[in-house]
Amino acid sequence: MKKFLSIIFLAVTLVFTGCMNNNDVSYDYEDYKKIKQVMVGTILNARAVNIKDDGKGSIIGAIGGGVLGSTIGKGNGSTLATLGGVALGGFIGNSINKTKAQELTVRLENGETIVVLSKETAFINGDRIRIVKVGDEVSSVYKL
């Protein structure tokens, strides 16, 4: 029974971790009322970067690893397996939750040059893009 619950927990954890990195454009509840600014420009330089884990992946992985590790062995062996599961799960969770992104140096139509980060995109130098921003935050980046 313990192993069955551990497998269910791991499956649910993997599903929720996968759902955290979707490509849907979404706005916070208050953002729909705010005026957004559109900027159009050409990419001068596109560089691949990673956005670090915010801690959620490590925590979820450590919990899942600890639960799975606790099902292995008896006595001190179970304790060591649990600790190993926590460490390994935290490492794997951190690795899984990194987000691929691009650092884009963009020459805007008004002549200004800016740098923005765009998650999970594949722009190349010379692409014309549309940047939507709310205040000082980039809301979305699209290829024209």
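Reader: Where is Asp 127 found?

Author: Asp 127 sits in the loop between strand 3 (113–119) and strand 4 (128–134). Strands here are DSSP runs of E with at least two residues, helices are runs of H or I with at least four, and both are numbered from the N terminus. One caution before we go on. This is a predicted model, in which local features need pLDDT of at least 70 and side-chain atom pairs count only at pLDDT 80 or more, while totals for chains, interfaces and linings use all residues. Residues are numbered from 1 along each chain as its sequence is written, and side-chain values use heavy atoms, with hydrogens and water left out.

Reader: Is Asp 127 buried or exposed?

Author: Learn the scale: buried means under 20% relative accessible area, exposed means over 50%, and partly exposed lies in between (1.4 Å probe, protein chains only). Asp 127 has 9% relative accessibility, so it counts as buried.

Reader: Which backbone nitrogen lies 3.0 Å from a polar atom of the Asp 127 side chain?

Author: That of Ile 124. The general idea is the polar contact: a pair of N or O atoms within 3.5 Å; within protein, one must be able to donate a hydrogen and the other to accept it, and residues adjacent in sequence count only if both atoms are side-chain atoms.

Reader: Which residues does Asp 127 touch, not counting those up to four places away in sequence?

Author: Contact means heavy atoms within 4.5 Å. With residues up to four places away left aside, Asp 127 touches Gly 41, Thr 42, Ile 43 and Lys 143.

Reader: Step back. How many helices and strands does the protein chain have?

Author: Three helices and five strands. Along the sequence the pattern reads α-β-α-α-β-β-β-β. Of the 144 residues, 29% count as buried. Now take the contacts with a separation of 6 or more: 63% of them join residues 24 or more positions apart.

Reader: In what order do the strands of the sheet stand?

Author: General idea: strands of a sheet pair through backbone hydrogen bonds, either parallel or antiparallel. Two strands pair if DSSP finds at least two bridges between them. Here the five strands form an open sheet in the order 3-2-1-4-5, with antiparallel pairing. Strand 3 and strand 5 (137–143) are at the edges with a single partner strand each, so one side of each has no neighbour in the sheet. From one strand to the next, the twist averages 45°.

Reader: How many bridges pair strand 2 with strand 3?

Author: Seven, in the antiparallel sense, with strand 2 covering residues 99–108. Gln 102 has Ser 118 in strand 3 as its bridge partner. The two strands form a hairpin with four residues between them, and Gly 111 in the turn has a positive phi of about 95°.

Reader: And how many bridges join strand 4 to strand 5?

Author: Six, again antiparallel. Ile 131 pairs with Val 141 in strand 5, and Val 134 stands opposite Glu 137. In this hairpin two residues lie between the strands, and Gly 135 takes a positive phi near 65°. Val 134 is buried, at 12% relative accessible area.

Reader: Which residues lie on the covered face of strand 3?

Author: Ile 114, Val 116 and Ser 118. The uncovered face has Thr 113, Val 115, Leu 117 and Lys 119. Ser 118 is buried, with 5% relative accessible area. Its side chain makes a polar contact with the side chain of Thr 121, at 3.2 Å.

Reader: How many residues are in the largest nonpolar core?

Author: General idea: in soluble globular proteins, nonpolar side chains tend to be buried together. A nonpolar core is a set of buried Ala, Val, Leu, Ile, Met, Phe, Trp, Tyr and Cys residues joined through side-chain atoms within 4.5 Å. The largest one has eleven residues, including Met 39, Leu 104, Val 116, Phe 123 and Val 141. Strand 1 (37–51), strand 2, strand 3 and strand 4 each supply at least two. Strand 2 gives the most, with three.

Key: Axes are lines fitted to C-alpha atoms, for helices over the stretch in contact, and angles run from 0 to 180 degrees between N-to-C directions.
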